[in-house]
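Please keep the sequence and the model in view while reading.

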There are 2 protein chains.
Amino acid sequence: MFTALKAFKPTSESIPPPNNALKLKLPTSNLPVHYHPLNPLDFLLRAALIYPNKLAIAHPDVNSPAFYTYSVWAQRVLNLAYALLKAGLRTGDRIAVIAPNVPMMADALQAAPAARVIATAINTRLTHQEVAYILEHSGSKLILVDSEYAHLIKGTNIPFVISNDTGKSDDPYEQFLSEGRRFGAEKGWLGLEMEADENAPAFLCYTSGTTGRVSGVLTTLRGTYLAAIANAYEGQMNRGSTYLWILPMFHAAGWTFPWANTFAFTTQITMRSVDYPLIWKHFLNSGITHYCGAPTVQIGIVNDPSARCPPQVIKAYIAGAAPTAHLIGSLEKIGITPIHVYGLTETYGPFTRSYPQDSWSSISLEERTKLMARQGHSFATASETRVVYRPQDTEGLSGELIDVPKDGKTMGEIVTRGNIVMKEYFNDQEATKKAFRGGYFGSGDLAVMYPDGSVAIMDRSKDIIISGGKNASSLAIEQELASHPHVLEVSVIAREHEKWGERPMAFVTLHPQHASKWKGRHEDFAKDLKVHARKRLPGFACPEWVEVVTELPKTSTGKILKTELRKVVAKL
Amino acid sequence: MFTALKAFKPTSESIPPPNNALKLKLPTSNLPVHYHPLNPLDFLLRAALIYPNKLAIAHPDVNSPAFYTYSVWAQRVLNLAYALLKAGLRTGDRIAVIAPNVPMMADALQAAPAARVIATAINTRLTHQEVAYILEHSGSKLILVDSEYAHLIKGTNIPFVISNDTGKSDDPYEQFLSEGRRFGAEKGWLGLEMEADENAPAFLCYTSGTTGRVSGVLTTLRGTYLAAIANAYEGQMNRGSTYLWILPMFHAAGWTFPWANTFAFTTQITMRSVDYPLIWKHFLNSGITHYCGAPTVQIGIVNDPSARCPPQVIKAYIAGAAPTAHLIGSLEKIGITPIHVYGLTETYGPFTRSYPQDSWSSISLEERTKLMARQGHSFATASETRVVYRPQDTEGLSGELIDVPKDGKTMGEIVTRGNIVMKEYFNDQEATKKAFRGGYFGSGDLAVMYPDGSVAIMDRSKDIIISGGKNASSLAIEQELASHPHVLEVSVIAREHEKWGERPMAFVTLHPQHASKWKGRHEDFAKDLKVHARKRLPGFACPEWVEVVTELPKTSTGKILKTELRKVVAKL
């Protein structure tokens, strides 16, 4: 499958010793015989035991491709764990990782729980200043950085290790691993004690946020374990699966897919960037069966010129924003099965899914994709999803939560609790208290609940448009505008209006195949889109203004930045 | 699929009210927002929420067939929970259930954790005296009994409810459920508080045992939850699956498949008895995709005259004793994919599996089925499987465990620990201590470990044959003898021998298709089998004696009773 695979030789320190025990030392505190603390690292150790020679990580699209079997990968993770201990890190200390989807990132997310340190994977698209803030806030004591992003930590006082992403023994990262191997003195996995507390902090994920506020979401070992199993199960991932890393691993620890993959014994393919022709090369030639991505990425995939039906079934986990019915239909047309899930960094990524129903086979594609675009119901290992309002927003912990009627109309906030909710905002008791008031985590997403108990997001609370005293959901408007065949992406925000208070304004990018048609005629397009809207939306929800733009402002993780659009509107 | 389905009407008390909240009340003790106690009942509530109208339980092969959707089934479980509370049961009390695979049994295993009582499902094949012992030992305060088995509790002082297995409103069991509904006064699921401690006792499973000793294995909510997920995952059970209840639910709580099925949203078909023509009727007409069974049952299935390739893929979980390579081959020939798992009542049923390897595609069926017959490696939610010996059998808790070399030869005992190990032997601290000495649960099964870390059972410790000072595994001998095409079942035990101390003696039943050939010529068959053995086994392991019998003595769960064969041998 990969031509470079045969030629690749891992460093000699990556080769495990014979009679390698693939288990951590039991805690010195005596655990009951019937109790084992849940730890997502166990999945990797088990994969290395049962399928040692199976390809675990393939990193083919670089000058120096690298390929690791489960056996070799586990040894590299072990080497990294020892290297972290050698560097002086202690239980609960933080390390930062700044890298795209490369083997070092995959290693670090497994090695951190092995060394009992907390990994914080930092978004490579942030500025030097933003990175400095996160390094400071997390108190990171060591940085693993990919050479392409070394400029982001220029001037730092924190020790760092650079990776040239070569996998070769002269690479500084490889030297760091080799030092770890030597420091471990072949004590192996049994030289590392497992964490006795499954609720111990596991990963620290900074939300890039659409609001500008950066928070450090602290997860637990237990939550990561249970979320990973649910993610693997929802897509029916198994030993025959090949997962393509399109979603950045730095995004909410890759939605726990680093551990969903080891749980399911898959092969993971890593790519340094979101490159659509390359994605299609893998879809068509590398047997990809699963990937994750936000709608903006999925739009890029379906609209790429290489797009055509792959020979195998591909399941796409879609989350990060609500996909339009149009997008879901487009994916299915080229043979990609969408699994629409919903979540936030605070919920380890996905925790709900729009569960397919038998009745969907007898309704139109349009109707079905609208149902599929709902956020649906909780995962098996998540707890309940509720839609509530707070009669008195007391800011206190005892604030009552009242469920909205299951009418598909009344809006409230999505809240949840349980094993797939973060432990806390790191070093921010106030923000944690506020997020957890009423005993549930408040998502900030406004939704309705249907009679079948499924939920559908209408908007972020701040994105609602109050038009003539009525609540217009910017998301619902976007869903309808996106069904216009010439629209590539659309974002709708509130704009002040003398008579109605607020009215929707739409920012639109045109589909490349149709853009030429409207060249110099954007006002005509605006009229066309308004006609399209009036057929589908109540008057108060129809866009009063339509602006065609070449690009929409986005966060580093691909979410559309309405804050930026609001700035534009404020100047109008 | 089921002709009686359309005509069936559940009792009016089985119909849930509108706006039914499918969740338990949160514990009054404040749980952290990020923590939800694992509880296998949650899977049923979730199924009833997401797939209310999906067929959950079909019980078609009785005079009065019954069919319950997830929505209705959940209501019946709720009614039963309230009925138990009305009967005066309190948290931690025990109830007994004596029934074959019928809806009442399925209800009880879900309702017990809802009412926070401990269900003990009693083997229907036990004697009145044995049942009396279990009722006494468990301290059961209420009995749910199927009318066919009412004689087993004749004369009891314990209150009981009889089911005529009709699902009709004049059935005493249905009346009990209806009383529960009234007692609940429509407080619904929110009227029941969830158990805050996931390590609380869940089920009490009495082992029938091959040694005559009866022990009460106490499991936990957490263990049941995690074992059920693993079982569902190993067979890739999902919403499209239909599970046939061949394995009795009273056997180790159905190996946690009652919850594996609700986790995976399957349809379950219940049958009152193991009836091979009926099993084949369902295999061929009811879309069965999964079932569990001990090797003796699987032998009955493959040898039934109705056996032919079903139109869909059927996955068979095999456990309870080691299957012969011959059996695995026979299943595959008729299109049944065997999933060979291993466990004990003390491990919630299965906790290891023989994991398929890519290399198996290039070896002979015989070689492959031998590998598949190994017990393999631990499930994802189980902890490590070790093979150990105890240098000084101190009976103390600190007894050291030393791993045998991974040579595929040196025998030791299989031990394990972790989330898929029972909490304790109920009311038997001494037995618990003994079983847990060294910090691991000792299975009593003698095995070897191969270089790949997989384990293969050689024998129960008491079944080993010491022949000329060498250890002969009765299981390994049985495996080879079973490859003789005329052998249906075989059991090998030690018999005293003047010169060698012990020598193997084989008890054999002949395959019905070949029995006539050897009629009156059992000595000739014995010679033929010995020749077959000498080609495959070292001299000390060849059977010195072969006895053809019409039937082998078995426990009520289908395990061959070597204790009975030993009594026969002792008289020779």
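Predicted model: local features only at pLDDT ≥ 70, side-chain atom pairs only at ≥ 80, totals over all residues.

In chain A, strand 16 (residues 385-389) and strand 18 (residues 412-416) pair in the antiparallel sense, with four bridges between them.

The order 17-16-18-20-21 describes an open sheet of five strands in chain A, and its pairing is antiparallel. Strand 17 (402-403) and strand 21 of chain A each have a single partner strand and stand at the edges, so one side of each lacks a neighbour in the sheet.

Chain A also holds an open sheet of nine strands, and here the pairing is mixed. Its strands follow the order 2-1-10-9-11-12-13-14-15. The edges are taken by strand 2 (66-69) and strand 15 (377-378) of chain A; each has a single partner strand, so one side of each is left without a neighbour in the sheet. Within this sheet, strand 11 (residues 290-293) and strand 12 (residues 314-318) of chain A run parallel and are joined by four bridges. Across this pairing, H290(A) stands opposite K315(A), a residue of strand 12 of chain A.

The domains of chain A come next. The domain assignment divides chain A into domain 1 (12-25 + 66-220), domain 2 (384-462) and domain 3 (464-570). Taken over C-alpha atoms, the centres of domain 2 and domain 3 of chain A are separated by 28 Å. How many residues of each are in contact? Eight residues of domain 2 of chain A touch nine residues of domain 3 of chain A. Between these two domains of chain A an area of about 570 Å² is buried, and carbon and sulfur atoms give 51% of that area. On the side of domain 2 of chain A that touches domain 3 of chain A, strand 21 (residues 455-460) of chain A provides the largest share, four residues. By class, this side of domain 2 of chain A comprises four nonpolar, one polar and three charged residues. Zero salt bridges are counted between domain 2 and domain 3 of chain A, and one residue pair is found in polar contact across their interface.

Attention may now pass to the contact of the two chains, to which chain B and chain A contribute 59 residues each. The area buried between chain B and chain A is about 4,600 Å², with 52% given by carbon and sulfur atoms. Of the area that chain B buries against chain A, V33(B), H34(B) and Y233(B) supply 17%, more than any other three residues.

Side chains of opposite charge can pair when their charged atoms come close. Between chain B and chain A, eight salt bridges are counted. One of them joins D358(A) to R239(B), whose closest N and O atoms are 3.0 Å apart. The count of residue pairs in polar contact between chain B and chain A is 33.

Which elements of chain B supply at least two residues each to the side that touches chain A? They are helix 1 (41-50), helix 6 (221-234) and strand 15 (377-378) of chain B. Helix 6 of chain B gives the largest share, six residues. The side of chain B that touches chain A divides by class into 28 nonpolar, 18 polar and 13 charged residues.

Over all chains, a search of the whole structure finds 56 salt bridges. Among the salt bridges is that of E544(B) with R503(B), where the closest N and O atoms lie 3.3 Å apart. This pair links distant parts of the chain, 41 residues apart. E544(B) belongs to the loop between helix 16 (522-534) and strand 26 (545-548) of chain B, whereas R503(B) belongs to strand 25 (residues 501-510) of chain B.

Notes. Residues numbered from 1 in each chain as written. Chains lettered and ligands numbered in written order. Heavy atoms only, no water. Domains from an automatic or database assignment. Contact = heavy atoms within 4.5 Å. Buried area = accessible area lost by both parts, 1.4 Å probe. Salt bridge = Lys/Arg side-chain N within 4 Å of Asp/Glu carboxyl O. Polar contact = N/O pair within 3.5 Å; in protein donor to acceptor, adjacent residues only side chain to side chain. Nonpolar A, V, L, I, M, F, W, Y, C, P; charged D, E, K, R; others polar. Pairing = 2+ DSSP bridges.
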